[in-house]
Amino acid sequence: MKKAFITGISGQDGSYLSEYLLGLGYEVHGIVRRNSIPEHQQSRLDFHRKNLHVNYGDLTDASGLERLLKKIQPDEIYNLGAQSHVRISYDVPQYTAQTNALGVLNILEAYRNACPEAKFYQASSSEMFGSSVDPDGFQRETTRMTPVSPYGCSKVFGYNIVHNYRNAFKLHAVNGILFNHESPRRGSNFVTNKVVKGAVQIKKGKSKVLELGNMDSYRDWGHSKDYVRAMHLILNHHTPDDFVVATGQTHSVREMTDYVFSKLGLDYKEFVVQNPIYLRPEELPYLRGDSTKLRSTFNWVPEYTFEALMDEMIEFWMDNIN
Ligand code: G4F
């Protein structure tokens with residue numbers, strides 16, 4: 001039985017990845033941070049618990065990581081833990097860097113010392129591209145990285161230190177460069193789930209208004225379930241390498257909002273207002289990923305369209321808001 005170790009196991013991607021790996025027959029281990037409301041910590045993991053082992057741990061606690069990896073001796077390590085909210089990275093820039101940048105260094109060191117034969121996956125992000133777009137309107141593995149947020153800058157460090165450790169210490173360490181990916185399990189302070197939840201609350205008469213920030217940025221939105229399949233493929237490629245994971249389609253926040261409200265028979269213009277607290281000091285205006293390398297290497301194709309993704313999220317909130 002193969003063993004996987006996942007940081008960020010209680011997040012959206014960690015929970016889908018755990019389900020996927022358990023389905024493949026893995027023994028799955030992961031860490032969660034201590035929180036004063038433990039009931040909230042593992043709510044995304046309320047599925048099949050056999051072969052799922054959750055410990056307390058933190059990416060900023062290097063010795064704890066090394067102790068766990070020594071004990072578990074995983075075959076595969078997925079570093080999905082992060083301070084993952086871009087706007088909030090402006091509120092807590094040092095914490096973001098400690099977790100997303102030095103945290104990667106901490107877990108790489110633990111991996112190198114405790115189980116260097118394992119394979120290591122780093123959750124890198126399209127936010128690293130920042131304001132760079134290739135002349136054909138896409139971002140890909142070769143696109144220059146010019147990040148525009150503390151979050152993006154911290155992720156560039158993580159991406160680069162993975163390269164460095166791969167080359168310097170001959171480790172099987174890889175980067176998946178994931179564009180935005182969503183699902184009903186997405187935190188409701190990210191824009192897709194915020195819009196869907198808010199629109200359903202309005203539809204059900206529980207709210208009258210939805211406050212958003214910038215509606216004119218574009219994102220390439222896929223489904224987390226499709227993207228965790230890609231993580232497993234990328235990690236298990238014969239040669240450690242980096243791959244973009246994206247749908248190749250882009251929509252503005254306004255188009256996405258219009259789609260959701262229209263599905264519910266509402267006109268978003270009657271309910272959505274802008275609140276400057278949701279604007280970012282520097283915005284990333286446009287993302288559209290070219291995942292040709294991933295598709296041609298592994299025959300990966302996303303199963304969800306943008307519409308199927310949004311429809312699943314709408315259905316979830318319609319069923320769960322009374
Ligand atoms: O949903 P978002 O907060 O996602 P963002 O900033 O693109 O980051 C996500 O995707 C990255 C991949 O590129 C990940 F690395 C990262 O961890 C995270 O998962 O915002 C999307 C867009 C932005 O342009 C934002 O300004 O929506 C805009 N927006 C407009 N109103 C809003 C809101 N975003 C949020 N969160 N809340 C709003 O009220």
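Let me start with one term: a polar contact here is a pair of N or O atoms within 3.5 Å, where, inside the protein, one atom must be able to donate a hydrogen and the other to accept it. Keep in mind, too, that this is a predicted model.

With that in hand, let's look at Thr143. You'll find Thr143 in the loop between strand S5, residues 119-125, and helix H5, residues 150-169. Is Thr143 buried or exposed? Its relative accessible area is 5%, and because buried means under 20%, Thr143 counts as buried. Its side chain makes a polar contact of 3.2 Å with the side chain of Asp134. The Thr143 side chain also reaches the backbone nitrogen of Arg140, at 2.8 Å.

Now, on to the strands. S5 pairs with S6 in the parallel sense, over 7 bridges. If you want a place to start on screen, take Lys119, whose bridge partner in S6 is His172. S6 itself, residues 172-178, is joined to S11 by 4 bridges, and those two strands also run parallel. There, Leu178 stands opposite Val245 in S11.

How many residues of S6 are buried? The count is 7 of the 7, so the strand is largely enclosed by the rest of the structure. In a regular strand, side chains alternate between the two faces of the sheet. In S6, His172, Val174, Gly176 and Leu178 point one way, while Ala173, Asn175 and Ile177 point the other way, and all are buried. S11, residues 242-245, is covered on both faces as well: Asp242 and Val244 are buried on one side, Phe243 and Val245 on the other.

An oxygen atom of the ligand lies 2.6 Å from an N or O atom in the side chain of Glu283. On the backbone side, a ligand oxygen is 2.8 Å from a polar atom of Val191, and a ligand oxygen is 3.5 Å from a polar backbone atom of Glu127. As for cover, the ligand taken alone exposes 720 Å², and the protein buries 97% of that.

Key:
Residues are numbered from 1 along each chain as its sequence is written. This is a predicted model: local features need pLDDT of at least 70, side-chain atom pairs count only at pLDDT 80 or more; totals for chains, interfaces and linings use all residues. Side-chain values use heavy atoms; hydrogens and water are left out. Accessible areas come from the Shrake-Rupley method with a 1.4 Å probe; for residues, only the protein chains shown count as cover. Buried means under 20% relative accessible area, exposed over 50%, partly exposed in between (1.4 Å probe, protein chains only). Two strands pair if DSSP finds at least two bridges between them.
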